[in-house]
Amino acid sequence: MPTRRQLITTALLAGGLAGLPGAGRATPAMRDAAVDRLSGGAPVRDGRVVLTVPGVAENGLSVFTTVTVDSPMTAEDHVRAIHILSEQNPIAHLLTFHVGPRAGAARVSTNIRLAASQEVTALAEMSDGTFWRDRRLVVVTIAACIDGG
């Protein structure tokens, strides 16, 4: 359990960093590093994944996102996980859905926040150890994840 001093120090550092331009934002390099970490360095191929997200999001506070993966979802051939990553949010790895053959279909939907116009990546981890992705550019007219300053 963190001490009171650690909590105060963390809060002060976070507040100080929030005032710096561009501080607290992921970068395309950070997104790529997250993909490498998730894939364990395995090759990531384009295909099999369809990321459905609006090309223009009027409000970055809630962007409806669906990821569908072409998979028979059998015990021998299924999706293990679906990851969604960003390149301009405070963190690059937004979320992970853990799925398996009992899911019946490799399709997930959620609302995500987007801090700015950016490329969103959907990464699928398959049971055979392969990784597939789809990427889409989203133009955000009203950004989320900002400090208001």
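Reader: Is Arg31 buried or exposed, and at what relative accessible area?

Author: This is a predicted model. Buried means under 20% relative accessible area. Arg31 falls in that class, as it is buried with a relative accessible area of 6%.

Reader: Which residue forms a salt bridge with Arg31, the closest N and O atoms being 2.9 Å apart?

Author: Arg31 is one of the buried residues of α2. At 2.9 Å between the closest N and O atoms, the salt bridge is formed with Glu87.

Reader: How many residues apart in sequence are the parts that Glu87 and Arg31 tie together?

Author: The salt bridge joins Glu87 and Arg31. Glu87 lies in the loop between β5 and β6, while Arg31 lies in helix α2, so the pair ties together parts whose separation in sequence is 56 residues.

Reader: Which residues do salt bridges that share partners join into one network?

Author: The count of salt bridges comes to 6. One of them pairs Asp134 with Arg136 at 3.2 Å, N to O. Shared partners build one network, and its members are Arg31, Asp32, Glu87 and Glu119.

Reader: What span does helix α2 reach from its first C-alpha to its last?

Author: Helix α2 covers residues 28-39, which makes 12 residues. At 1.5 Å a residue, the expected span is 16 Å. The helix comes close to that value, reaching 16 Å.

Reader: Within what arc do the buried residues of α2 fall, seen down its axis?

Author: The buried residues of α2 are Arg31, Ala34, Val35, Leu38 and Ser39. They line one face of the helix, because seen down the axis they fall within an arc of 125°.

Reader: Which residues are exposed on the other side of α2?

Author: The buried residues of α2 pack against strands, among them β1 and β9. The list also includes β5, β6 and β8. On the other side of the helix, the exposed residues are Ala29 and Arg37.

Reader: Which residue takes a positive phi just after α2?

Author: Helix α2 runs over residues 28-39. Just after α2, phi is positive, at about 65°. The residue there is Gly40.

Reader: Where is Met73, which has a positive phi although it is not a glycine?

Author: Phi of Met73 is about 55°. At 6% relative accessibility, Met73 counts as buried. Its place is in the loop between β4 and β5.

Reader: What is the relative accessible area of Arg48?

Author: Arg48 has a positive phi near 65° in a residue other than glycine. Its place is in the loop between β1 and β2. Arg48 is partly exposed, with a relative accessible area of 27%.

Reader: Which strands hold Asp46 and Arg135?

Author: The side chains of Asp46 and Arg135 meet in a salt bridge at 4.0 Å, N to O. The pair ties together parts that are 89 residues apart in sequence, so two strands are linked: Asp46 lies in β1 and Arg135 in β9.

Reader: What is the separation of the C-alpha atoms of Asn111 and Phe64?

Author: Asn111 is found in strand β7, residues 107-112. Leaving aside neighbours within four places in sequence, Asn111 is in contact with Ser62, Val63 and Phe64. Asn111 and Phe64 are 47 residues apart along the chain, yet their C-alpha atoms are separated by 4.4 Å.

Reader: Which residues make a nonpolar surface patch of about 270 Å²?

Author: Leu137 lies in strand β9. At 58% relative accessibility, Leu137 counts as exposed. It belongs to the patch, whose residues are Val56, Leu137 and Val139.

Reader: What share of the 149 residues of the protein chain counts as buried?

Author: The accessible surface of the protein chain comes to about 8,500 Å², of which 57% belongs to carbon and sulfur atoms. Of the 149 residues, the buried share is 36%.

Reader: Among contacts between residues at least 6 apart in sequence, what share joins residues at least 24 apart?

Author: The protein chain comes to 2 helices and 9 strands. Along the sequence, the pattern is α-α-β-β-β-β-β-β-β-β-β. Among the contacts in question, the share joining residues at least 24 apart is 66%.

Conventions. Residues are numbered from 1 along each chain as its sequence is written. This is a predicted model: local features need pLDDT of at least 70, side-chain atom pairs count only at pLDDT 80 or more; totals for chains, interfaces and linings use all residues. Side-chain values use heavy atoms; hydrogens and water are left out. Helices (H or I, at least four residues) and strands (E, at least two) are DSSP runs, numbered from the N terminus. The expected span of a helix is 1.5 Å times one less than its number of residues. Buried means under 20% relative accessible area, exposed over 50%, partly exposed in between (1.4 Å probe, protein chains only). The arc is that of the directions from the helix axis to the C-beta atoms. Contact means heavy atoms within 4.5 Å. Accessible areas come from the Shrake-Rupley method with a 1.4 Å probe; for residues, only the protein chains shown count as cover. Patches are made of residues with over 30% relative accessible area and no salt bridge: like charges are joined within 9 Å, nonpolar side chains (Val, Leu, Ile, Met, Phe, Trp, Tyr) within 5 Å.
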